[in-house]
Amino acid sequence: MVINKKYGINPRLISLITAKDLSEIPGSPTSSMLPGLYGKIIARKMDKMPREVPKNVHSLICTRCNHISKYNLGLVAIDYDKLKNMGQDGPVDGETGPPSIIDCIQATGYFRCRKCNAAGCWKLPGKTELSLCLHSIAAAISDNEDGKELFSYGVLQLADGTRHRWATDVEEHYLNKLAEQPEDSFTWNRLGNSYLRGGRPDLAAVAFEQSLKIDPAQFESLYSLGKILCEAGELEAGAKYLRQALIHARRYERMKAEEMRDMITSALMFLLEICNDIEEFLNVLPKEQEVLPGETLDGSWATGFMDLTIYPDDYKSFYPLAEVYMGKRRNELADKTLCISTSEGGQPSFSPEVRREDKSGKRNKKRKK
Ligand SMILES: [Zn+2]
C-alpha cells in the first residue's frame with residue numbers, strides 16, 4: 001500500500017494497543033491497520049499537513065536489505081565532541097569500516113526502510129556522507145536564528161536523560177516502557193510527541209488516542225490530538241478535544257504553569273480560528289458549570305468574562321482568558337495577567353478588558369454584552 005511504503009509503521013505499536021501477538025501482525029503494516037479512530041484518517045492527509053521541521057531529505061542505505069532510498073531526517077543534531085574526534089579514536093570494539101558522520105548525528109525524523117520496514121540500521125552512501133559533512137560545517141558558521149534550522153550542534157536528550165540516534169530508537173524506548181506499563185497515559189503522550197516531532201501526526205494521533213483511552217482527562221493529549229485534527233481539517237472532532245483540554249487543564253499537574261498557559265492559549269486560538277465569529281467562539285468555550293461542576297467560585301469566572309478583549313494575532317492577549325482555565329495553577333505564574341479583585345460587596349469580580357479583532361483584519365472590534 002502506497003501510504004505504508006512511503007512512511008512505515010512499527011508492528012509493535014499495533015501489537016501493544018490491540019494486545020495481539022506480533023506474529024498476528026504483518027511485518028509491514030498498512031495505515032488501515034492503525035488502531036483507534038483518527039490515525040487512519042490523518043494518514044490520508046499527511047502530505048497536506050503543516051510540518052514542525054522543514055523537509056531534510058537524504059539518501060540512506062538499509063543494512064538489513066541493502067535498499068537505498070531517500071528519507072526525511074528532520075532536524076539533525078550534530079555532536080560536536082564526537083565530530084571533533086571522528087577518526088582519531090581508532091576503531092571501537094565491534095565496529096568496523098571507516099569513520100562516518102552517522103556516528104556523530106541524531107535525527108528527529110521518523111522513517112523506516114521502504115522495502116523491509118526495518119528501522120535504525122542505516123549506513124550512508126558516499127554522497128550523503130559528503131553532504132552531511134558540508135551541512136555540519138555550514139551549521140557551525142551560521143547562527144540559525146530563525147529557529148527552523150535543519151542542522152544544529154548539540155545533543156538530543158529525552159526528559160529521562162536517555163539519548164537516541166533515530167526517532168525509531170526513541171519509539172522503541174517508549175514502547176519498551178509501555179510494554180511494562182501499558183496503562184501509563186503520560187508515556188503514551190510522550191510517545192505521541194516524539195511521533196509529532198518526527199513528522200508523523202498519524203502515529204501521534206494513535207498514541208494520543210491511546211493515552212486518552214487510559215486517562216480521558218490527560219490535558220496534553222487532549223490538546224495535541226485536537227490540534228492535529230484541526231490541522232487535518234477535521235474541525236468538529238478537533239474542537240471537541242480542544243474544549244476537553246480547556247475543561248481539564250486546571251487539574252493537570254505535570255506541566256510548568258507557563259507552558260500550560262501557552263498550551264491553553266494555543267487551544268483558544270485554534271478554537272477562534274475554527275469559529276466564524278466572536279459570538280460563536282464564546283459559545284464554544286466551556287462554561288463554568290462544565291469546568292467547575294459543584295465547585296465554589298474562586299473569582300476568575302465572574303462578571304467580566306464577556307468583556308474580554310482579544311487580538312487574534314497577539315497570543316498574549318489570550319492570556320487572561322487562558323488563566324481563567326488554569327484555575328488555581330495560575331498562582332504559579334510569575335507574570336499573571338488576570339487580575340481578580342474583590343469588590344466592595346465582597347463579591348469577587350473579574351476585571352481584565354478583553355477585545356477582539358475579526359478575521360477580515362479589522363482591529364479592535366469590541367464585544368459587549
Ligand atoms: Zn531494508
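## Burial and the overall picture

A residue is called buried if 20 or more other C-beta atoms lie within 10 Å of its own, exposed if 12 or fewer do, and partly exposed in between, with the C-beta atoms placed from the backbone. This is a predicted model, in which local features need pLDDT of at least 70 and side-chain atom pairs count only at pLDDT 80 or more, while totals for chains, interfaces and linings use all residues. Residues are numbered from 1 along each chain as its sequence is written.

Of the 369 residues of the protein, 34% count as buried. The secondary structure comes to 14 helices and ten strands, where helices (H or I, at least four residues) and strands (E, at least two) are DSSP runs numbered from the N terminus. Two residues are in contact if their C-beta atoms, placed from the backbone, lie within 7 Å, and among contacts between residues at least 6 apart in sequence, 64% join residues at least 24 apart.

## The sheet built around β1

Strands of a sheet pair through backbone hydrogen bonds, either parallel or antiparallel, and two strands are taken to pair here if DSSP finds at least two bridges between them. Strands β2, β1 and β5 form an open sheet in the order β2-β1-β5, with antiparallel pairing. Because β2 and β5 stand at the edges, each with a single partner strand, one side of each is left without a neighbour in the sheet.

Strand β1 (residues 57-62) has a covered face made of H58, L60 and C62, and an uncovered face made of V57, S59 and I61. Five bridges join β1 to β2 (residues 68-72); within this pairing, I61 has I68 as its bridge partner, and S59 stands opposite K70. The two strands form a hairpin with five residues between them, and N66 in the turn has a positive phi of about 65°. Two bridges join β1 to β5 (residues 122-123), where C62 stands opposite W122.

## The sheet of β4, β3 and β6

Another open sheet of three strands has the order β4-β3-β6, and its pairing is mixed. Since β4 (105-107) and β6 (151-153) stand at the edges with a single partner strand each, one side of each is left without a neighbour in the sheet. Neighbouring strands of this sheet are turned by 25° against each other on average, direction ignored.

Strand β3 (residues 76-78) runs antiparallel to β4 and is joined to it by three bridges, with A77 opposite Q106. Helix α5 (residues 126-141) packs on the sheet and touches β3, β4 and β6, its direction making about 60° with that of β6.

## Two pairs of packed helices

Two packed helices are described by the angle between their axes and the distance between the axes. The axes are lines fitted to C-alpha atoms, for helices over the stretch in contact, and angles run from 0 to 180 degrees between N-to-C directions. Helix α6 (residues 167-180) packs against helix α7 (residues 185-197) at an angle of about 170°, with their axes 10 Å apart. The contact is made by A167, V170, E171, Y174, K177 and L178 of α6, together with T187, W188, R190, L191 and S194 of α7.

Helix α8 (residues 201-214) and helix α9 (residues 219-231) pack at about 145°, with their axes 9 Å apart. In this pair, P201, A204, A205, F208, E209, S211 and L212 of α8 meet S221, L222, S224, L225 and I228 of α9.
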